[in-house]
Amino acid sequence: MFFRADCSVCGHGACGWYGDAVFQRGSGKTPSGADRWLMVVAPVVLAIALAAMVGVESLKPKEELRLQVSDQGPLVGGMAGAQVAARVLYYRDLDGPEGGELVSKEVSLRLMAVPADREPTPVAAQWLRSSKVVGMEGNVRLPTRVELASRGLLLAPMRWVAETRSNRLRRAEVPFRWEDGTSRELAVQPRTLPRLQQQKVYPFRPGTSASGVEFGAGPDGISFESLKVHVFVEGGVCIPEVPCRVWVLPSKAVWSSPHPLEVRASKGTTVESPVSWSSPAVVTVHGSVGEVELVWGLAGLGTEMAVSTVRLPLMAGGVGLALEGGAVPTAVRLEFSHGARAVVVDMFHNGLWRGTTSYSEAEVLAPVSLPVVLGPSDPSDIGRWRVQVRTSGYDVNTAVSRVFWVGEEPDTPKNRRLLKSWGIGVTHLDQSLRERTTRRSGPQVRGALGALKPATVDAEHLKHLIWAHGFERVSIRLPDPVSTYPQDLARTRATQQRVRGLALTAIGLVALWVLVSVLRRGLRAAREAGALMVAAGDAGAASGKHRIERALRVVSAVLALAMVFVAVWLLVLYQTPV
């Protein structure tokens, strides 16, 4: 900012020459060293600060790791620890048009002990392999109680750590604890089916005799309102073009009836074997809706006394499965509606995720091994096991399950209520209870027990089928995934905050430097202008009023420049991160 005195009052050129000389010498047409640095450094610093701020505000995470792993596991003794399952999904190009591409990466999964008196120590580790369906998968063998005790880590807190390196290290962590009496099972998800593919048992309606006369009551004179049956499908659902086993159990009122029950094909079904009170019918559904008829009649007369229609639960896109290997299965045989597909096989023990693996389209043509090898004599394997198979890498709604027990299933109140609701009406079906119940029960219970003689049905097998059905009607959801995206986003925003802070500091220092320099030079120029005017004969220029006016003009110019810097500073301060 430059000021030139008006020397016209002198009337000769000497004043003009003197004023020019003083102005050139005092007002800075030849800048000092500090001013020269200011003119060079200030624009450079401002440009760098603004460019850094604009560049860092466009940053956001471009890759994401999602870890699903059991957060609980059994702590056992012996030579080998128990097994738990893990699965990882890795996405890149999150800002791409498709919102992320799923890729395979080498992922290291470690179980870390975090004692208070030393550094975190790995106690189990596994590299996850690429899945045949989606993502990466693997099973980790946990340490035993003896191994942890020998390293002084038995009571140390535990934490899963999954790491992978791409452009930078990505790390997901999940707290882990050993199972105890308060272990939390994974959440179940009821299977969602379209309305016409949901199971429905219609009430019995009167049948007709051989002469065409409609019956007024069911067998043994039982009213049609009292004729009730329970129908369930092994696995909880039928798959199109795959045979399914359908059980029909009568209620207490009709359990002991000697009249036969026939399952007859109806809309979209074929029946490959008949049914009785103690054996299933094998039904195949050929369309999008499957129905069968339950026909109750007089033995040997071919008379239909009562008829009911049952719409079977049907799931298109599911997988038919059967366990193989005896009481403790070792393999599973898969059947598909329209060609083999790659599948994911998960195993759950008492509601906890213990094993996972996947098989390709070629591998599923033969029975495939289970992801967990069970031993009937291993105490850690006793309990309820679920084999859950799905073709989707994400959705468990289309998963099909089979449930079995290793060891004796506990006689819990829940199981007793389940048996009672299905009309069996006894707690145990073993021989000792059968004898006690027969001695003190009426003919109805004795008839029910007679229908379950070992010669006609394996009572324990039927009991377990009923229990299993309660679990097979739903699917188990995998653990909620833990994502690195929030961590990466937090790191990105922390970087943005640091860069923004540095930019604000740089802008503030440059602004202070510029304003002080301009104010200093402006006030000096005002003083020199006043001196020139006094030397030229303007006595009023030396008055306090004129000095204040000249100073105020300088200050107002500095304040205007300061407002520009404040606007830039506020723009940087309140810039919203992406």
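Predicted model: local features only at pLDDT ≥ 70, side-chain atom pairs only at ≥ 80, totals over all residues.
The chain holds 9 helices and 28 strands, and of its 578 residues 46% are buried.

**Strand pairing**

- An open sheet is formed by 3 strands in the order β20-β21-β24, with antiparallel pairing; because β20 (320-324) and β24 (368-369) each have a single partner strand, they stand at the edges, and one side of each is left without a neighbour in the sheet.
- Strand β21, which covers residues 331-335, is joined to β24 by 2 bridges, and the two run antiparallel.
- Elsewhere, strand β16 (residues 269-273) pairs with β17 in the antiparallel sense over 4 bridges, and T269 has V285 of β17 as its bridge partner.
- Strand β17 (residues 281-285) is mostly covered, since 5 of its 5 residues are buried; A281, V283 and V285 point one way from the strand, whereas V282 and T284 point the other way, and all are buried.

**Nonpolar cores**

- The largest nonpolar core comprises 29 residues, and those with the most contacts inside it are L65, L67, L109, L111, M158, W160 and W178.
- At least two residues of this core come from each of the strands β1 (63-69), β3 (83-92), β5 (107-113), β6 (121-130), β7 (136-141), β8 (158-165) and β9 (169-178).
- M158, one of the residues with the most contacts inside that core, touches L111, M112, A113, V123, L148, L153, P175, F176 and W178, when residues up to four places away in sequence are not counted.
- In soluble globular proteins, nonpolar side chains tend in general to be buried together.

- V510 is found in helix α8, which spans residues 485-535, and V510 counts as buried because its relative accessibility is 4%, where the cut-off for buried is under 20%.
- The C-alpha atoms of V510 and A42 are separated by 5.9 Å, although the two residues are 468 residues apart along the chain; leaving out residues up to four places away in sequence, V510 touches A42, V45 and L46.
- G355 has its place in strand β23 (residues 352-359), and its relative accessibility of 0% is why G355 counts as buried.
- Between the C-alpha atoms of G355 and A86, which are 269 residues apart along the chain, the separation is 7.9 Å.
- Not counting residues up to four places away in sequence, G355 touches Q83, A85, N139, V345, D346, M347, P371 and V372.

Conventions
Residues numbered from 1 in each chain as written. Heavy atoms only, no water. Pairing = 2+ DSSP bridges. Core = buried A, V, L, I, M, F, W, Y, C linked by side-chain atoms within 4.5 Å. Buried < 20%, exposed > 50% of the residue type's maximum accessible area, 1.4 Å probe, protein only. Contact = heavy atoms within 4.5 Å.
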